[in-house]
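Dear colleague,

I am passing a structure on to you, together with some notes on what was found in it. Please open it beside this email and follow the residues as they come up.

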Amino acid sequence: MWFAIEHVPKLMPAWREWVETLPEEATTSVAVQRLPPLPDLPPPLQGASVLHMRFTHLGTTAEGEQLFAPMRAIAPSILDTVAEMPYTSIGTVHMDPPGPIPYWDRTMMFADLPKEAVDEFVALTGPDSDCPLVSVEIRHLGGAMDREPAVPNAVSTRGLPFVTFAFGVGGPDQEDLMRGYLAKLISGLEPWSAGRMMVNFLSADEATAPAQLRAAYGEERYDRLARVKKTYDPRNLFRMNHNIVPA
């Protein structure tokens, strides 16, 4: 569901409170977006500045409608696409671009998202900001992602219920603008950062040094991965992206 950007100041605090009421079968995310005037987008969204609220629920349509009703009641929507769908259509929930695009991105995780953090998010992305980014989102995690798996892995988000992912799009002439605002966003939200990060979302600009990568994974996971690396790749032949060196 998409709302006009002027509703962000009242929708974001309400969304934050609503998240606490959702059962484990439901999850949600929100994204403040400044969309390009592309013909592939539905006409109401072409060139629009919006809040995109996403919602999924593993249950009956009636239960899902009841759970989502409080958000529908807060403000009129530009476009409402929340409806029953097969799992094969799950990729349409976020409406991500189907093809590659040139972009710069940053990410951050939160152990909590208090009112002050939500207010700062609104100030940095809402209607009165100068945000040039295409999308700044907060995803609600929890559920199975908050439980330690039977077999330890490297991407657990246990104890971290929220992740922010932001990106800007453009050519080389836009690089300084986009990187600058991404840095401003991360700096503004830093007081509520959990330190750890969701490895799936790490950008090329993040965790570039071993100490930063250790913090992103967490001490225990990083040390275990370094031991695995020493066993199976002692010469560090596989070192693409965010490299973990052998212990």
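A word on accessibility comes first: a residue is called buried when its relative accessible area is under 20%, exposed when that area is over 50%, and partly exposed in between, with a 1.4 Å probe and protein chains only. The model is predicted, so that local features need pLDDT of at least 70 and side-chain atom pairs count only at pLDDT 80 or more, whereas totals for chains, interfaces and linings use all residues. Residues are numbered from 1 along each chain as its sequence is written, and side-chain values use heavy atoms, with hydrogens and water left out.

Let me begin with the salt bridges. Side chains of opposite charge can pair when their charged atoms come close. A salt bridge here is a side-chain nitrogen of Lys or Arg within 4 Å of a carboxyl oxygen of Asp or Glu, and the structure holds 15 of them.

One of these joins Glu175 to Arg179, with the closest N and O atoms 2.7 Å apart. Both residues belong to helix α4, where they are four residues apart and therefore separated by about one helical turn; helices are DSSP runs of H or I with at least four residues, strands are runs of E with at least two, and both are numbered from the N terminus. Glu175 is partly exposed at 29% relative accessible area, and Arg179 is also partly exposed, at 31%.

Another salt bridge, at 3.1 Å from N to O, brings together the side chains of Arg147 and Glu24. This pair links distant parts of the chain, 123 residues apart, since Arg147 sits in the loop between β5 (135-140) and β6 (162-169), and Glu24 in the loop between α1 (8-19) and β2 (26-34). Arg147 is partly exposed, at 44%, while Glu24 counts as exposed, at 53%.

Elsewhere, Arg16, Glu20 and Asp112 are linked in a network of salt bridges.

Finally, please look at two backbone angles. Met95, although not a glycine, has a positive phi of about 55°; this residue lies in the loop between α2 (61-72) and β4 (103-110) and is partly exposed, at 38%. Ala207, which is not a glycine either, has a positive phi of about 50°; Ala207 is found in the loop between α4 (175-189) and α5 (210-217) and counts as buried, at 10%.
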